[in-house]
Every structure is written in C-alpha cells, then in structure tokens.
There are 2 protein chains.
Amino acid sequence: MNIPIINNLKRVVIIGAGFAGLQVAKKLRRDKFQVILIDKNNYHTFQPLLYQVATAGLEPDSIAHSIRNIIKKTKNFFFRLAYVHYINTEKQKIYTNIGDLSYDYLIIATGSVTNYFGNKNIEFFSLPMKSIPEALNLRSLILQDFESALLIKNDKERERLMTFVIVGGGPTGVELAGALAEMKKYILPHDYPDLNIQSMNIHLLQGTPRLLDGMSEKSAKQAYKNLKELGVIIWLNCLVKDYDGKIVFIEKNKKIESANVIWAAGVKGAIIKGFLKEDIKSNRILVNNYLKAIKYKNIFAIGDIAYMKSYPNGHPMTAQPAIQQGNYLAENFNSFQEEKKWIKPFIYKNLGSMATIGRNKAVCDFPFFKLKGFLAWIVWMFVHLVSLVGFRNRVIALTNWIIQYFHYNKSVRLIIRPFNRKNRKKKII
Amino acid sequence: MNIPIINNLKRVVIIGAGFAGLQVAKKLRRDKFQVILIDKNNYHTFQPLLYQVATAGLEPDSIAHSIRNIIKKTKNFFFRLAYVHYINTEKQKIYTNIGDLSYDYLIIATGSVTNYFGNKNIEFFSLPMKSIPEALNLRSLILQDFESALLIKNDKERERLMTFVIVGGGPTGVELAGALAEMKKYILPHDYPDLNIQSMNIHLLQGTPRLLDGMSEKSAKQAYKNLKELGVIIWLNCLVKDYDGKIVFIEKNKKIESANVIWAAGVKGAIIKGFLKEDIKSNRILVNNYLKAIKYKNIFAIGDIAYMKSYPNGHPMTAQPAIQQGNYLAENFNSFQEEKKWIKPFIYKNLGSMATIGRNKAVCDFPFFKLKGFLAWIVWMFVHLVSLVGFRNRVIALTNWIIQYFHYNKSVRLIIRPFNRKNRKKKII
C-alpha cells in the first residue's frame with residue numbers, strides 16, 4: 001500500500017470511516033501512533049439523513065463529507081480508499097483490493113449492512129437504503145415511477161407503481177414513510193396534475209406489536225397517530241414472507257401489490273473474513289468491556305460491528321454508541337501509551353433517541369423527559385444539524401430545510417442516474 | 001403518450017428543455033396553445049457551471065432544476081420524460097421511447113452534443129463534459145486518479161495519472177483549466193501530502209492561435225496570462241491527431257502522456273432523424289429569420305440546433321442566443337394567434353461574454369467596455385447566480401462560493417459513483 005513504516009511508532013489500522021471509525025481516527029494522537037484509516041468510499045456518510053436524500057429533500061453531497069477534508073492534520077495519518085477482503089490475525093495483516101498491510105493494532109469499525117434474513121427474493125427485488133448510491137437509486141426510482149405511471153392506462157398496473165411498501169417500523173422506516181406521505185400531500189399533486197395522486201399508497205410494515213421499538217411507548221403511539229394522519233397505512237405484527245417484484249406476500253395469506261418495496265427491516269454486522277466462529281455473535285464481533293475482541297491481544301471492534309457481551313443484546317446499532325466507543329477507544333489508546341492502564345470499562349450513555357414524522361412533527365425520548373410535536377421537531381433538526389460533519393454541510397442542509405419549510409417543496413427531484421430495475425444485480429454501486 | 005387532444009387549441013410540441021426550449025415553454029400562453037415539453041432528463045441543466053461540478057466546487061443538484069418544479073402552472077401544459085427517436089414531418093408526428101405524438105407546431109430545441117470530429121479513439125478514450133452525469137464522472141475520475149497515484153511506484157505511470165489534458169481553449173476549457181489549477185494549488189497538497197503534487201500537470205490545447213476565440217483579443221491575452229500564472233501549460237495552434245488512453249498524439253510528432261483527456265473542443269447540433277439533407281447545415285437545422293425551419297410550415301428550431309442563414313456561421317452555440325430565441329418565438333406564437341403577423345425578424349443582441357480563471361480572476365467583454373480581474377470576477381459570479389434557475393439553487397451556489405472563498409476549499413470531493421475506465425462505452429448514463 002506504499003505506506004512507510006515508522007520504527008518507533010506503533011501502527012493502528014482502522015477499517016471503516018463511519019461514526020465509530022472516524023471518531024477514533026480523529027482522536028488518536030499522531031505523535032504516539034501511525035494511524036491508517038481505510039474505507040471503501042472516500043467520504044463519510046451521515047446515515048440518519050439518507051431518507052431525506054431518497055425523498056428529494058437534501059442533495060447527497062450535503063450528507064457526505066470527504067474523509068481527507070475531515071482529517072487534515074496529516075502527520076502520521078494515512079487514508080486509503082480500499083475494500084478489505086480478508087484479515088490474517090496470526091500474521092497481523094489485512095488484505096485489500098489495493099494490496100496488503102500489516103498492523104500493530106487493528107480497529108474494526110466496518111459497521112453494518114442491510115439484513116434480508118436470508119430471503120434471496122427480497123434481497124433481489126427490494127431496495128435498501130444504507131448508502132448514498134442506494135438512496136439516490138431510491139430517489140430516481142420514486143420519480144421514475146410517477147413518470148411511468150402517467151403512461152399506463154391499466155388502473156391496477158398504475159396503482160402498483162404508485163404503491164410504496166416500507167418494511168421496518170424503526171426510525172428509518174417511520175421517517176421515510178413520513179417523508180413520502182409529505183411528498184404525496186404537498187408535491188406530487190402539483191408535479192403530476194394528470195395523475196390521481198390519491199391512488200398513491202404508502203404502507204409501513206412492522207413485525208412487532210408497535211412502531212419504534214427502541215423508543216418509549218408514548219413516542220411510538222404518537223408516531224403511529226401522526227403517520228395515520230398523514231395517510232400512511234400501518235401494519236403491526238406483520239411479517240413479510242416473500243416478494244416477487246410485484247406482490248408482497250404477508251403472513252395469513254395477505255398481500256399487497258407494489259412495485260416498490262423499501263427494506264428497512266434490519267441490519268447485520270459487516271463481518272470481514274478471517275475471524276473464527278467463536279469470535280462472532282449475531283454477526284457481530286464479540287468484545288470485552290474494553291472493546292477488545294475476545295481472544296485477540298491487538299484487535300478491537302467499535303460501532304455496529306461490536307457486540308459487547310456484558311450489554312444485553314449488544315449496544316444499539318446506531319450513531320451514538322459508535323461515536324462514544326470511538327471516543328473511548330481513542331482515549332484509552334492515547335493514555336495506554338502513557339503507561340497508564342486500561343482502567344475504565346466502556347459504559348454507554350444513552351443520550352436519548354428521536355424520530356421525525358414530517359413537517360412540525362417529531363418524537364424525542366430523553367433520559368428524564370419526552371417531547372413531541374413542534375418542539376420535538378425543532379430539537380430533532382438542531383441535533384441533526386450539529387451532528388452533520390462540516391460547516392458547509394450544515395449550512396447547506398439548513399438552507400434546504402428553511403426553503404422547504406416556507407415553500408412546501410422538496411427541490412432536488414432529479415433523476416440524475418436513472419435506476420434500471422433490470423440491472424438490480426448491479427444496484428450496489 | 002396519454003395526452004388528451006383539445007379540439008379548439010393547437011398543440012405545440014417542444015423537444016428539449018435546455019435554455020431555449022425551457023424559455024419558450026415558460027412563455028407560451030396556455031390559453032392559446034396546448035404545450036407539450038419533452039426532454040430525456042426530468043431536469044434542466046445549467047451547463048455554464050458544469051465545470052464546477054467536475055472540479056468538486058458545486059454539488060450537481062445546485063445546477064440542475066426539476067422541470068416540473070419550474071413550470072407549475074399546469075393548465076394545458078404537459079411534460080414528458082422521453083427520448084425522441086424520429087420525426088415524421090408529413091404525418092406531423094414524433095416517435096419516442098414512450099410512444100408517438102402528433103403536433104400542430106413543432107419546436108426543436110435539442111441543443112448540441114460533444115463533437116469529436118469523427119475520431120472514434122478520441123470519442124472512446126476522452127471524457128466529455130456536456131451533462132451532469134458526465135461532469136460527475138469527471139469528478140470521480142479526478143479524485144480516483146489521485147487515490148490511485150498514491151499506490152504507484154513507477155514515476156512515469158504515476159505522472160501520467162496526474163496529467164490532465166484539456167482540449168479546447170473556449171470558455172469551457174479555460175474555466176476548467178483554471179479550476180483544476182486551483183485544486184492543484186490549494187487543495188490537493190493538503191489532501192495528498194504523500195504525493196508530490198508538483199508533478200501534476202495541466203495542459204490546455206487550442207487549435208487556433210489564441211484562447212477564447214469568441215471574445216476580444218485583450219481578454220484572450222489576459223486569460224492566457226492568468227492561466228500561465230496558475231501553472232497551466234498552454235499549447236496554441238495545436239491540433240490533436242489521436243489518443244489511445246495513454247498518449248495524446250499532436251501534430252508534428254509531439255505527444256503528451258496522460259490518462260485524462262477532457263474533450264471541450266467543440267459541439268455539434270443534436271439532429272433528430274427525419275430531416276432531409278437540405279434542411280441541415282453544419283449539423284444544425286437551417287432556419288429563416290423567423291426561426292422557422294426552411295421548407296416546413298410548422299417546424300421551428302431554436303438554440304444550438306438552429307442555424308440562421310442570414311447570420312454569419314449561425315449564432316454562437318451558447319445560452320444567450322438560446323434564451324433570446326426562446327423568448328422571441330414564444331412572443332411570436334402568442335401574437336400570431338392574435339391575428340397579428342410575424343412582423344419582426346429575430347435579431348440577436350450580444351450582451352457580452354465572460355470567462356473566469358479561478359479565484360478573483362475573470363474576463364468580461366461587454367458591448368461598450370471590457371473588464372478583468374476582481375471586478376470581472378464579481379460580475380461573472382453575479383451574472384451566473386441570477387441566471388441559475390430557482391431560488392434554492394442560487395442560495396446553495398452562493399453559499400458554496402462564499403465558503404470556498406474564505407476556506408480555500410472545494411468541499412464536494414466525493415466519489416459517489418466511481419467511474420470505471422473499462423466501462424467507457426457506458427459512460428453516458
């Protein structure tokens with residue numbers, strides 16, 4: 001990989017520049033370590049706002065940030081755009097599409113990928129929303145659907161194109177359903193006056209008895225109410241059995257005709273080859289209370305990919321634990337080199353969780369209080385704005401939101417790269 | 001195409017939503033005509049700023065605007081996302097990928113495509129910059145080149161990746177060369193500290209004895225001087241003979257080794273099948289002084305595709321004549337229905353031309369005076385800002401420019417869809 005070896009510095013290799021990997025890379029002291037960050041993209045993705053890219057509310061470039069732009073103090077820091085194929089834990093080497101690399105310490109922060117629970121049909125025919133290209137595909141497809149619907153005379157076929165089924169009632173599914181419902185209400189009737197937009201249907205399918213499983217019952221009920229008011233058809237206790245590109249088959253012989261299934265039903269750890277079965281639980285790497293992979297001396301895992309045994313079911317696979325773990329690990333690494341010991345175990349501080357359900361509406365659960373409605377929505381916006389990486393991205397996102405608020409518009413309704421259903425196999429580009 | 005026929009209204013079909021087509025579509029009175037606008041994209045592209053997308057200065061979504069968002073007063077207006085294959089002038093019908101459509105009046109505003117002057121190698125191996133996907137491919141490729149250059153130990157091979165050859169010294173070539181030179185100066189040394197950015201070379205090749213042929217000699221000289229100061233290697237009187245993906249072959253056995261040739265050497269009218277040889281000159285449709293295609297009663301051509309016989313060499317293939325012609329034709333159409341005659345022939349008013357050459361530098365030729373330097377640069381920015389379609393796009397572009405100005409940064413250095421040289425054939429997507 002053409003990276004110099006520095007004799008008196010230990011080399012830390014970080015795989016993944018998501019919330020966790022980026023955090024640890026930023027915080028590690030470069031006077032103590034040679035830090036090498038590897039990612040398959042040259043940008044960090046702010047995943048919580050992907051749904052706004054998919055629904056034409058934000059441009060993709062406002063939620064992505066060049067990694068080289070984020071980490072500019074370049075002494076002893078190296079970024080490489082690469083895809084890691086395999087780790088050899090004995091030789092202490094990783095193997096990538098651009099060559100191999102040895103490490104003294106390895107931090108795995110590969111995050112998670114969409115979980116189809118083994119159903120190949122669903123994987124092939126439905127659309128995921130875990131990356132910017134995927135969100136852009138979704139944006140193209142939604143708009144292409146309506147352009148196509150204009151041309152179709154068969155009612156059933158046209159309605160199938162105008163029916164959107166979102167599987168998964170977590171924050172992603174709820175926020176996406178809300179944003180689509182707002183498109184139906186404010187935008188599509190103006191864009192397509194010769195279509196009957198009332199025949200557009202948005203279904204939200206949730207496997208458990210309530211939405212937003214990770215949040216309070218109160219917030220879940222509020223989200224349910226708000227989505228209902230926006231016209232979203234909500235199915236609870238509802239598991240999808242199969243999908244053939246036209247019909248969603250649900251338990252108890254129910255079905256929904258839809259050309260558009262968006263799969264937000266779950267994620268699983270993005271495991272890299274080279275670990276043993278006993279290193280892994282629920283597709284995540286088992287770590288001790290110090291985020292060290294069990295049985296390895298110099299391998300750590302943080303973020304979605306880490307499964308801490310002592311925390312029931314592992315930490316939530318969201319941004320907060322990832323950022324906290326990245327911070328924690330960097331601090332420990334930094335102080336470790338000062339000959340201090342790894343004293344404190346990692347303790348996750350749940351700062352709260354939130355979801356927005358369209359204009360003026362959101363729910364927030366904080367440790368000591370809950371919010372809903374307009375105030376929650378303002379808090380949601382503020383938290384997401386300050387969390388966005390980079391001043392430019394914050395300004396651009398805020399500008400978009402202000403204009404949207406006053407103009408009842410989502411401006412970036414652009415089909416820049418049309419999505420071809422026939423090329424589904426290539427969809428992850 | 002599923003568009004109703006209205007008995008007492010004549011149907012005007014406009015092909016192309018560039019500057020010309022969009023203008024006439026906006027201005028035609030919908031109480032007098034049924035207006036149908038057709039484009040292969042669902043957005044209008046502000047082509048003068050494509051080079052900023054290619055050089056990571058602006059996000060693509062800030063120079064594109066949804067056509068349905070621009071034309072909202074929808075009475076008797078229809079937009080269709082379609083590609084026109086063929087026109088049957090006798091049957092008065094157009095044939096597209098989504099069906100056929102009859103017209104009473106046809107306005108052709110298909111614009112222009114990149115002109116490779118018949119050289120298939122150049123067409124295959126070089127990169128054009130006439131559309132947003134093409135500009136994004138270029139952005140990806142530039143960034144991918146530097147990521148790859150990091151890994152290459154062979155000096156010659158690495159320098160080839162870091163050498164950019166821009167063919168064409170018109171405004172596009174000059175502005176692109178300036179923007180690349182600024183990347184070299186302000187951005188790339190920070191992004192790639194382990195590369196010797198001084199070995200990056202930017203060549204600008206012009207076939208005639210001077211840059212900016214359409215502008216004054218004074219401005220051309222100023223642009224030449226500014227580009228030289230930025231380190232651009234300028235070749236005048238220099239015609240490219242061939243390119244094999246690695247070596248640019250120039251007349252007199254000269255050559256430049258480069259993996260990146262950007263072709264801005266010319267455009268040609270985007271002719272649709274169905275016209276006779278005598279209808280066409282220099283790949284453009286011959287029109288009379290009223291922009292009516294000669295020999296046809298009900299076919300008009302405006303913008304790049306129109307060649308007005310009485311104007312020497314036809315009007316410049318730029319935004320200004322396109323907008324003026326669109327305006328003119330709409331006015332004539334509107335007053336024609338008021339039983340007035342087609343009195344005034346079209347007269348092109350050259351309002352001036354301009355080009356920017358990086359930070360604080362531009363040249364402007366106006367009818368009665370010329371500007372250069374900082375003031376010209378401010379004028380350039382102002383004119384481009386107010387010409388951008390849509391309030392949001394103006395605000396986003398201005399925000400980007402302000403941040404860039406103070407941070408010496410181009411923020412959107414993102415490889416969202418990597419460009420694969422091996423897939424060149426598919427490059428126009």
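1. A residue is called buried here if 20 or more other C-beta atoms lie within 10 Å of its own, with C-beta atoms placed from the backbone. By that criterion the buried residues of α1(B) are F19(B), A20(B), G21(B), L22(B), Q23(B), V24(B) and A25(B), and this must be read with the caution that the model is a predicted one. Helix α1, residues 19-27 of chain B, is accordingly described as mostly covered, seven of its nine residues being buried.

2. What lies over this helix? The cover of the buried residues of α1(B) includes the strands β1 (10-15), β2 (33-39), β3 (43-45) and β9 (105-108) of chain B, together with the helices α3 and α9 (319-336) of chain B.

3. The largest nonpolar core holds 266 residues, and those of its members that touch the most other members are I14(A), I107(A), I302(A), I14(B), I107(B) and I302(B). For I302(A), once its neighbours within four places in sequence are left aside, the contacts are A20(A), V24(A), I107(A), A109(A), L291(A), A322(A), Q325(A), G326(A) and L329(A). I107(A), one of these contacts of I302(A), is itself named among the core residues that touch the most other members.

4. On the relation between the copies, chain B can be laid on chain A by a turn of 180° with a shift of 0.0 Å along the axis, giving an RMSD of 0.0 Å. The two copies are thus related as by a two-fold rotation axis. Which residue of chain B comes closest to the rotation axis? That residue is I396(B), whose C-alpha is at 3.2 Å from the axis.

5. In the interface, 41 residues of chain B are in contact with 41 residues of chain A. The elements that contribute two or more residues to the side of chain B touching chain A are β4 (64-66), α3 (67-70), α5 (132-149), α7 (171-191) and α11 (391-407) of chain B, and the largest share, six residues, comes from α11(B). Sorted by class, this side of chain B has 21 nonpolar, ten polar and ten charged residues. Because 100% of the interface residues of chain B are also interface residues in chain A, the copies meet through the same surface.

6. The domain assignment of chain A gives domain 1 as 10-40 + 82-114 + 268-336 and domain 2 as 120-265 + 359-422. The C-alpha centres of domain 1 and domain 2 of chain A lie 32 Å apart.

7. In chain A, strand β19 (residues 280-281) and strand β20 (residues 284-287) pair in the antiparallel sense over two bridges, with R284(A) in β20(A) as the bridge partner of K281(A). β19(A) and β20(A) form a hairpin with two residues between them, and S282(A) in the turn has a positive phi of about 50°. β20(A) also pairs with strand β22 (residues 306-308) of chain A, in this case in the parallel sense over three bridges, and V287(A) stands opposite M308(A) in β22(A).

8. In chain B, an open sheet of three strands has the order β19-β20-β22, and its pairing is mixed. β19 (280-281) and β22 (306-308) of chain B stand at the edges with a single partner strand each, so one side of each is left without a neighbour in the sheet. β19(B) and β20(B) run antiparallel and are joined by two bridges, and the bridge partner of K281(B) in β20(B) is R284(B).

Key:
Residues are numbered from 1 along each chain as its sequence is written. Chains are lettered from A and ligands numbered from 1 in the order in which they are written. This is a predicted model: local features need pLDDT of at least 70, side-chain atom pairs count only at pLDDT 80 or more; totals for chains, interfaces and linings use all residues. Two residues are in contact if their C-beta atoms, placed from the backbone, lie within 7 Å. Helices (H or I, at least four residues) and strands (E, at least two) are DSSP runs, numbered from the N terminus. Ala, Val, Leu, Ile, Met, Phe, Trp, Tyr, Cys and Pro count as nonpolar, Asp, Glu, Lys and Arg as charged, and the others, Gly among them, as polar. Two strands pair if DSSP finds at least two bridges between them. Copies are superposed by least squares on the C-alpha atoms of residues with pLDDT of at least 70 in both. A residue is buried if 20 or more other C-beta atoms lie within 10 Å of its own, exposed if 12 or fewer, and partly exposed in between; C-beta atoms are placed from the backbone. Domain bounds come from an automatic or database domain assignment. A nonpolar core is a set of buried Ala, Val, Leu, Ile, Met, Phe, Trp, Tyr and Cys residues joined through C-beta atoms within 7 Å.
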